[in-house]
Structure formats: C-alpha cells, structure tokens
Amino acid sequence: MNRNLVDGLNFFSKTTPKRAWNALKVLSSYYESKWTGKAVHRGLPIALSFEPTTSCNLRCPECPSGLRSFTRPTGMLQDDLFRQTIDELADTLLYLIFYFQGEPYLHPNFLDLVGYASKKGIYTATSTNAHYLTDANARKTVESGLDRLIISIDGTTQEVYQQYRVGGKLHKVIEGTKNILKWKKELKSRTPHVIFQFLVVRPNEHQIGDVRRLAEELGVDEVGLKTAQIYDYEEGSDLIPTIDQYARYARRPDGRYEIKNALDGHCWKMWHSCVITWDGLVVPCCFDKDAHHRLGDLKTQGFRELWQGESYRQFRESLIRSRTEIEMCRNCTEGTQVWA
C-alpha cells in the first residue's frame with residue numbers, strides 16, 4: 001500500500017465524534033469570521049505545538065536556537081504542565097506537534113511525553129536533526145507510538161549539509177534514520193511515518209534530486225522540500241534559492257526583495273492551532289519564535305479560559321483588519337512549502 005495513504009489513514013483513524021464536531025465548529029467560525037469581518041470563534045484547537053526545549057546542539061544561521069539569540073529563557077518542558085494541558089484538551093485535540101524551537105530529543109523525558117499523548121489517541125509528530133537517534137532512542141521512538149518523524153537533512157554531502165546545519169554531521173543523520181527504519185521493521189510497526197525534510201537554500205538546491213534518491217535507497221517514506229524563512233531578506237541573501245519555485249521572496253526591479261504572499265486579512269492558524277512554549281506561554285504560531293505575542297500563561301490559567309479570552313479575541317480582530325499590523329505576520333509565508 002502507498003506509504004502516504006497509510007499515513008493518511010492512520011491520521012483519520014484518530015478522528016472521534018467529539019473531535020469531528022470540534023473541527024466543524026472551528027472551521028465554521030473561521031469562515032464566518034472571514035465573511036463578516038468580525039472575530040468569531042467556537043471550539044478548541046484541532047492542532048497544537050508543544051515545545052520540549054529551546055536547547056539545540058546545532059547552530060543553523062536562520063534559527064534563534066542555533067544563533068543563541070533568544071531574549072526568552074532556555075529550559076525544558078515540565079512533565080506536569082504538559083500532562084495537565086493534554087488532559088484538558090485530549091477529547092477534542094487531533095494533531096500534536098512536539099516541536100517549536102530547539103532539538104526535542106535533548107529533553108530527557110521527551111519520548112515518555114509522546115507515549116502519554118499517543119495513548120490518548122492523538123496523532124503525534126516531531127521534527128529532529130537526528131543526531132540523537134541512537135539505537136536505543138530509535139527503538140523507544142517506535143515503541144512510543146509517535147506517528148510522524150520529520151528528519152531535517154539539508155544536504156547529501158557533508159560539505160553542503162554543514163553550510164546550513166552548522167556543527168552537524170551528516171553521517172549521524174543517516175545512521176539515525178537507519179536505526180528508526182530498522183526498528184520499524186523489527187517491531188513490525190507502520191509508525192512513525194518518516195519524512196526527509198530538505199530546506200531548500202542556494203547552497204543545496206542542486207541536491208534536490210540527490211535527496212530524493214537517498215530517501216528511496218534508505219526506505220524513507222516521504223521527502224518534503226521546504227522553503228526557507230529569511231529574516232533580513234530585503235537586500236537579498238546568499239540563502240535565497242535561484243530556483244524561484246523554492247524561494248519565499250521575489251526580486252523587484254530595483255533589486256530589493258519582497259515577500260511573495262499577499263498579506264490578506266485572515267489566518268487559519270489563529271483559529272485551529274497555537275504554540276505552547278516550554279514554560280507554558282501560549283503564542284499564536286510558529287512565527288513568534290521569541291514569544292513576543294503572549295496570549296496566555298498555562299502556569300496561571302486553564303487553556304479553555306485563555307483560548308476564548310480577550311487577548312486572543314483582540315489578536316484575531318487585528319488579523320482580520322490587516323495582517324500588516326503585526327510585525328511577525330509581515331514575513332509570514334504560510335502555505336509555501338512544497339511536498340515532493
């Protein structure tokens with residue numbers, strides 16, 4: 001059977017009547033908001049991102065974790081905070097991503113947290129640089145019930161890979177991938193669905209065909225080609241690809257660059273999902289890497305209270321008026337990922 005179909009069937013198998021009804025409420029309120037120009041919201045998140053840690057072993061040039069440039073503190077997600085939130089949302093939550101900033105496998109109890117959510121029938125996913133997928137961790141990953149494992153591999157030779165994944169070792173990525181695939185076979189498990197994510201930048205764009213071939217040789221389930229967010233893009237960057245299909249930015253006649261996306265007055269993410277930092281702050285989405293837009297704090301309030309609270313209502317209202325009112329939204333390119 002087609003591997004993507006298997007993954008899709010697994011995802012939809014997590015749907016329950018409560019989760020379906022919640023999704024319908026969220027979707028209907030989103031379209032009502034678009035049509036009326038007023039921020040209406042019903043239901044609870046369909047998807048959620050939880051940040052296990054801001055720590056990372058690499059120093060990627062467009063990543064706050066890699067640059068060590070956060071103004072917010074670095075730390076590890078507390079197990080109790082995670083379980084309390086999942087217990088509150090488990091009946092309606094369909095998709096849980098264990099990732100925001102940092103390397104998830106640096107959290108000492110990361111796979112125990114995955115197992116906790118998996119046992120509640122939630123589709124679980126994470127993204128990793130694969131340097132910690134030892135044989136033991138690979139086995140525990142498969143046993144945890146993790147549904148989707150995104151492995152960042154931004155080059156098929158060490159020389160190219162290390163230009164973006166600064167400090168990384170390609171052989172460890174390949175070794176970790178092999179460990180996961182071995183334990184899937186040994187344990188006769190269809191999960192996790194393993195994806196090679198290739199962040200297309202100018203130094204590696206010539207290896208797109210190579211990463212597809214490597215994935216096929218290893219038995220990886222899917223390849224995802226991801227466009228890169230560049231923070232200071234107006235004057236151009238050595239990372240912006242020459243292949244227009246994989247660039248988030250277009251060059252203007254005056255030589256400066258502009259974002260391709262039209263900043264229209266709505267955002268699906270603000271209705272169906274959010275991000276929770278390691279220390280319990282609730283922020284709108286993954287573009288708020290330094291947690292500037294703090295819409296709630298789970299250390300002092302319950303999720304349902306803040307999700308329908310005044311801060312969230314005002315933020316959704318500002319999106320409907322114009323996304324250009326919000327600084328992080330001006331460099332937002334939601335929907336510009338290309339799946340191969």
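User: Let's begin with Glu305: which helix is it in?

Analyst: Keep in mind that this is a predicted model. Glu305 falls within residues 303-307, and that run is helix H11.

User: Is Glu305 buried or exposed?

Analyst: Its relative accessible area is 53%. Exposed means over 50%, so with 53% Glu305 counts as exposed.

User: How far apart in space are Glu305 and Gly115, C-alpha to C-alpha?

Analyst: In sequence, 190 residues separate Glu305 from Gly115. In space, their C-alpha atoms are apart by 27 Å.

User: What share of the contacts with a separation of 6 or more comes from residues 24 or more positions apart?

Analyst: On the burial side, 55% of the 340 residues are buried. As for contacts in the chain with a separation of 6 or more, the share from residues 24 or more positions apart is 69%.

User: How far apart do the centres of the positive and negative side chains lie?

Analyst: There are 45 positive and 42 negative side chains in the protein chain. The centres of these two sets lie apart by 4 Å.

User: Now the cysteines: how many disulfides are there?

Analyst: Take Cys285, which is in no disulfide: the nearest cysteine sulfur belongs to Cys286 and is 5.3 Å away. A disulfide needs two cysteine sulfur atoms within 2.5 Å, so 5.3 Å is too far for a bond from Cys286 to Cys285. By that rule, the count of disulfides is zero.

User: Of those two, how is Cys286 classed by accessibility?

Analyst: Cys285 is buried, at 11% relative accessibility. Cys286 has a relative accessible area of 35%, and that makes it partly exposed.

User: Which residues does Asp288 touch, not counting those up to four places away in sequence?

Analyst: Asp288 lies in the loop between S10 and S11. It is buried, with a relative accessible area of 2%. The C-alpha of Thr85, 203 residues away along the chain, is 20 Å from that of Asp288. Not counting residues up to four places away in sequence, Asp288 touches Phe100, Val283, His293 and Met328.

User: What is the phi of Ala291?

Analyst: Ala291 sits in the loop between strand S10 (281-283) and strand S11 (296-297), and it counts as buried at 1% relative accessibility. Although Ala291 is not a glycine, its phi is positive, at about 55°.

User: And the phi of Ala130, what's that?

Analyst: Ala130 belongs to the loop between strand S3 (123-128) and helix H6 (135-144). It is buried, with a relative accessible area of 1%. Ala130 is not a glycine either, yet its phi is positive, at about 70°.

User: Which residue is joined to Pro192 by a cis peptide bond?

Analyst: Pro192 lies in the loop between helix H8 (170-186) and strand S5 (193-200). Omega is about 0° for the cis bond, and the residue joined to Pro192 by it is Thr191.

User: Which residues is Ser152 in contact with, leaving aside neighbours within four places?

Analyst: Ser152 is in strand S4, residues 148-152. At 5% relative accessibility, Ser152 counts as buried. Leaving aside neighbours within four places in sequence, its contacts are Ser127, Thr128, Asn129, Tyr161, Arg165, Val173 and Gln197.

User: Last one: what is the relative accessible area of Leu93?

Analyst: Leu93 is in the loop between helix H4 (79-89) and strand S2 (95-98). Residues it touches beyond four places in sequence include Arg19, Pro45, Ile86 and Ile122. Leu93 is buried, with a relative accessible area of 0%.

Note on methods. Residues are numbered from 1 along each chain as its sequence is written. This is a predicted model: local features need pLDDT of at least 70, side-chain atom pairs count only at pLDDT 80 or more; totals for chains, interfaces and linings use all residues. Side-chain values use heavy atoms; hydrogens and water are left out. Buried means under 20% relative accessible area, exposed over 50%, partly exposed in between (1.4 Å probe, protein chains only). Contact means heavy atoms within 4.5 Å. Lys and Arg count as positive and Asp and Glu as negative; His and the chain ends are not counted. The place of a charge is taken as NZ of Lys, CZ of Arg, CG of Asp or CD of Glu. Helices (H or I, at least four residues) and strands (E, at least two) are DSSP runs, numbered from the N terminus.
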